[in-house]
Protein chains: 2
Amino acid sequence: MSLRIALLGLLRASGPSSGYDLAKSFESTLNYVWQAGHSQIYPELVKMAADGLVTVEAEGARGRKVYAITPEGSAQLRGWLLEQTPSLTVRSESALQAFLLPVLDPVDAVAALERVRERYVEKVAMLETLCDEHGSKAFGRYALDHGLRHVRTTIEWVDDTIATISRDIGHGGSCDENVAD
Amino acid sequence: MSLRIALLGLLRASGPSSGYDLAKSFESTLNYVWQAGHSQIYPELVKMAADGLVTVEAEGARGRKVYAITPEGSAQLRGWLLEQTPSLTVRSESALQAFLLPVLDPVDAVAALERVRERYVEKVAMLETLCDEHGSKAFGRYALDHGLRHVRTTIEWVDDTIATISRDIGHGGSCDENVAD
DNA sequence: TAGGGCATGTAACCCGTTACATGATTGA
DNA sequence: TCAATCATGTAACGGGTTACATGCCCTA
């Protein structure tokens with residue numbers, strides 16, 4: 001379902017596009033929220049056309065097919081956004097890693113956290129660049145803000161966790177010491 | 001891969017456990033980071049035993065099998081935590097929804113955001129309860145903290161976004177007005 | 001005319017979810 | 001003895017990723 005909604009959203013926002021365009025849009029805009037490759041997008045567009053949510057508006061060179069969203073597609077998109085209670089479950093490998101850190105001894109845990117931190121600092125830089133490029137253009141603005149805030153939150157968490165664990169090491173402590181706030 | 005690591009981590013943290021125990025642990029601790037049901041866990045444990053990462057330590061009543069992590073399993077867990085650069089891609093339906101909000105007219109967008117807000121307020125309450133229960137026990141503490149910070153960040157984002165859009169409505173503005181910071 | 005980017009598609013596989021199915025034990 | 005919970009498994013399905021495969025068009 002989410003793939004459909006994402007494609008309808010992109011078509012709404014960018015106007016008629018080919019599967020190829022949508023695949024690129026996916027990578028450049030939805031990338032850090034949802035992922036889909038062309039091998040998933042092409043068949044889905046065919047099904048969506050069969051369901052009347054999009055139409056092939058034109059066919060161009062190299063077999064290029066330009067899809068446009070139909071009123072029915074727009075209605076379905078709007079309905080989903082207004083009525084759907086999105087599941088709050090998140091699947092995040094890096095959060096899983098964070099969760100499991102306590103099974104390492106503190107020195108190893110700090111090393112692992114420092115690697116994680118580097119990655120997130122890179123990501124923040126990337127998002128800030130994107131932010132500068134897109135500026136206050138409406139589409140993607142809120143989500144970019146959303147993404148930036150989350151990455152910054154993660155970095156703060158990493159820093160605080162490193163501090164807590166380091167203090168533990170300082171105390172010569174192992175994990176069963178009670179860690180006060 | 002992640003499922004294996006998660007199971008190894010739980011076995012490390014909680015000691016020898018049955019598949020049933022691990023499924024419950026998953027739900028109560030890893031739940032908001034990674035998900036897995038018993039139908040996925042049982043076969044995986046069998047494969048892990050075949051690979052020498054765990055052993056059946058005992059068999060109890062009702063066919064209960066108690067798995068223990070082997071030194072090889074511990075080594076693999078440690079190796080993954082230290083060396084693996086976890087992918088930063090996150091799949092989040094609610095973030096996708098956030099991304100697509102600009103395709104709605106402002107009044108609808110605010111309505112959608114207010115629904116989202118409710119859900120996250122519930123979630124924060126749930127996590128705070130968990131936090132009180134688990135207290136400062138080492139395992140899960142960092143991740144719980146991680147989760148709480150992220151949910152709170154999301155609520156702040158929702159509030160600020162509602163404010164921005166509401167101001168837009170106040171100005172009688174549609175989306176193509178330039179939204180200043 | 002050769003290479004790179006445009007453009008579309010299919011197939012195999014892995015992972016995760018939902019549903020189906022079974023049986024033992026315990027406590028009311 | 002009946003219901004709930006413990007405990008394990010299998011099967012079908014859907015979604016997503018990787019890899020395979022093809023061909024057109026433009027530019028150097």
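Residues are numbered from 1 along each chain as its sequence is written, and chains are lettered from A and ligands numbered from 1 in the order in which they are written. Because the model is predicted, local features need pLDDT of at least 70 and side-chain atom pairs count only at pLDDT 80 or more, while totals for chains, interfaces and linings use all residues; side-chain values use heavy atoms, with hydrogens and water left out.

**Relation of the two chains**

Chain B is superposed on chain A by a rotation of 180° with 0.0 Å of shift along the axis, at an RMSD of 0.2 Å. This is the relation of a two-fold axis. The superposition is by least squares on the C-alpha atoms of residues with pLDDT of at least 70 in both copies. Of the interface residues of chain B, 97% are also interface residues in chain A, so the copies meet through the same surface. Contact here means heavy atoms within 4.5 Å.

**The sheet**

Helices (H or I, at least four residues) and strands (E, at least two) are DSSP runs numbered from the N terminus, and two strands pair if DSSP finds at least two bridges between them. In chain A, three strands form an open antiparallel sheet in the order β1-β3-β2. β1 (17-18) and β2 (54-59) of chain A are the edge strands, each with a single partner, so one side of each has no neighbour in the sheet. β2(A) pairs with β3 (residues 65-69) of chain A over five bridges, in the antiparallel sense. Within β3(A), A:Val66 is the bridge partner of A:Ala58, and A:Lys65 stands opposite A:Glu59. The hairpin of β2(A) and β3(A) has five residues between the strands, and A:Arg62 takes a positive phi near 55° there.

In chain B, β1 (residues 17-18) and β3 (residues 65-69) run antiparallel and are joined by two bridges; B:Ser18 stands opposite B:Val66. β2 (residues 54-59) of chain B is joined to β3(B) by five bridges, again antiparallel, with B:Thr55 opposite B:Ala68. In the hairpin of β2(B) and β3(B), B:Arg62 has a positive phi near 55°.

**The end of β3 in chain B**

Buried means under 20% relative accessible area, exposed over 50%, and partly exposed in between (1.4 Å probe, protein chains only). B:Ile69 lies in β3 of chain B and is partly exposed, at a relative accessible area of 21%. Its C-alpha atom is separated by 4.4 Å from that of B:Val54, 15 residues apart along the chain. Beyond its neighbours within four places in sequence, B:Ile69 is in contact with residues including B:Leu8, B:Leu11 and B:Arg12.

B:Thr70 lies in the loop between β3 and α4 (71-83) of chain B and is buried, at a relative accessible area of 10%. The side chain of B:Thr70 reaches the backbone oxygen of B:Gly52 at 2.7 Å. Not counting residues up to four places away in sequence, B:Thr70 touches B:Gly52, B:Leu53, B:Val54 and B:Thr55.

**Surfaces near the DNA**

A residue is near a strand if one of its heavy atoms lies within 4 Å of it. Of the 16 residues around DNA strand D, A:Ser39, A:Gln40, B:Tyr20, B:Lys65 and B:Arg91 come nearest. Sugar and phosphate make up 69% of the atoms of DNA strand D that come within 4 Å of the protein. Of the 16 residues around DNA strand C, A:Tyr20, A:Lys65, A:Arg91, B:Ser39 and B:Gln40 come nearest. For DNA strand C, 68% of the atoms within 4 Å of the protein belong to sugar or phosphate and the rest to bases.

A polar contact is a pair of N or O atoms within 3.5 Å; within protein, one must be able to donate a hydrogen and the other to accept it, and residues adjacent in sequence count only if both atoms are side-chain atoms.

| Residue | DNA atom | Distance |
|---|---|---|
| A:Ser39 | base oxygen, DNA strand D | 2.6 Å |
| B:Tyr42 | phosphate oxygen, DNA strand D | 2.9 Å |
| B:Arg91 | phosphate oxygen, DNA strand D | 2.8 Å |
| A:His38 | base oxygen, DNA strand C | 2.9 Å |
| A:Arg91 | phosphate oxygen, DNA strand C | 2.7 Å |
| B:Ser39 | base oxygen, DNA strand C | 2.7 Å |

α3(B) gives the most to the surface near DNA strand D, with three residues, whereas α3(A) gives the largest share near DNA strand C, three residues.
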